[in-house]
Amino acid sequence: MANEERGVLYNYNDIPCDFLGDILSRLDVKSLKRCECVSKSWLTLLRTPYFNDLHLKRQLHCVVFQQKKVRKFDHHLSICNGESFVEISLKKFPFIEMDQQPILTIMGSDNGVLGLYDLRSKVVYLWNPTINESKELTPSPELGCNHSELGLGYDPLTNDIKVVKFSSLDGNGVVSTCNKFKEGNQIGIYSLRSNSWKTITMPNIFSEFESSSTFDITTYTYLDCSIVVNGCIHWIICFGNTTCYGKSSLGIIAFDTSKEKFNLIKSPLTVKPRNFRKLANFSGCLSFFIMNEFQVVDIWVMKKYGDSESWFQYLSVNLLSLLPNTFGQRSTCIPKGFLSNGNLVISCVETENWYCYDTKSKRVKNVGKRIGVSAFTTYVESTFKLHD
């Protein structure tokens, strides 16, 4: 590239890769897409897993709202700044132009890719809204539409997006109604890189809870978006003996995306399953919060990942005293999740106002009204491609 005024020729290919990567990783996704056209060497650099990981860590953390019948779209995704909640972009779902409108729910978010599931057609979609690439997954031939839970996560070792699909089917095709995570059940794992499903068998993750050979585990799943922490996808369940529901416990099922291994993480013994509200990622730590009938929210955080003895109660918040009453009536407040800075996001059912509670300063801020929100999750913009 020449500078005509000074007669100097600049060769951007001579810039050291480490130095160039450090500079480019600070750009937003749109600027980065333009840089891909500079040269083949730049394009190669920008497609490496190392650069993608570096770029992802330096991007602004966002929140996304899935909303219905707002503005000009029947279904759309509002991407907002993760601190101010100011809308960055409004995206129309790319796969809703069909005869029958889908009933979409967000089942996972990782590495800039959203996983969506159509409750009507039982179809799974992957979507990177930042670069507007989407992909409809073919059904798993062995499992079909039979499922109980879905989750999505990024595998850093293979630079791959994986989707996990739990099934109620055992190896003989028999449906298990009481325990969807029973030993021997068939689990589908989709790999974006191979564009194919494979089936693995669920191991016995409840072995230490079995007191006898006749012990039967019943599980109840909390349907929600899966959470990724420490390279593992997580779902929370309630489990216990079929003859004594009152002694049920909370457990967190973890799936390592690289090793493709399952594990059951125990929750604190003092936590009662009926008070559970949501699993979350608290500043890189596995966490969850519970809420009692008086709308007091207790936040639990796992200090050392995988160590069930490291759970501690980080904070307790009384939402009734924290938020204003609605026309003199008691508000119904729902904790929705955490931002990257550890702040708690809360919604009010009556007013449809959303609030952000600073867990350090103990201050609450009204971040605006959101009408028709059907799903909420955190998100980081990325250049991760769904097609080669």
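Q: Ala, Val, Leu, Ile, Met, Phe, Trp, Tyr, Cys and Pro count as nonpolar, Asp, Glu, Lys and Arg as charged, and the rest, Gly included, as polar; how does the lining of the largest pocket split by class?
A: Into 17 nonpolar, 15 polar and five charged residues. This is a predicted model, where local features need pLDDT of at least 70, side-chain atom pairs need 80 or more, and totals for chains, interfaces and linings use all residues. Numbering runs from 1 along each chain as its sequence is written, and side-chain values use heavy atoms, without hydrogens or water.

Q: What makes this space a pocket?
A: A pocket is an open set of points on a 1 Å grid that a 1.4 Å probe fits, with protein on both sides within 12 Å along at least five of seven lines. Here the largest one holds about 1,000 Å³. It has 37 lining residues (an atom within 4 Å of a point), with H61, D110, V228, N281 and V380 closest to its centre. Strand 27 (373-380) gives the largest share of the lining, five residues.

Q: Why is the 18-residue group called a nonpolar core?
A: Because its members are buried (under 20% relative accessible area, 1.4 Å probe) Ala, Val, Leu, Ile, Met, Phe, Trp, Tyr or Cys residues joined through side-chain atoms within 4.5 Å. F289, I299, L319, F338 and I346 touch the most other members. Strands 20 (285-291), 21 (296-302) and 24 (344-348) are among the elements giving two or more residues to this core.

Q: What does I346 touch?
A: Leaving out residues up to four places away in sequence, I346 has contacts (heavy atoms within 4.5 Å) with residues including L319, L322, L323, W354 and Y357.

Definitions and conventions. Grid points are joined across faces, edges and corners, and a volume is the space filled by probe spheres set on the points. Helices (H or I, at least four residues) and strands (E, at least two) are DSSP runs, numbered from the N terminus. Ala, Val, Leu, Ile, Met, Phe, Trp, Tyr, Cys and Pro count as nonpolar, Asp, Glu, Lys and Arg as charged, and the others, Gly among them, as polar. Buried means under 20% relative accessible area, exposed over 50%, partly exposed in between (1.4 Å probe, protein chains only).
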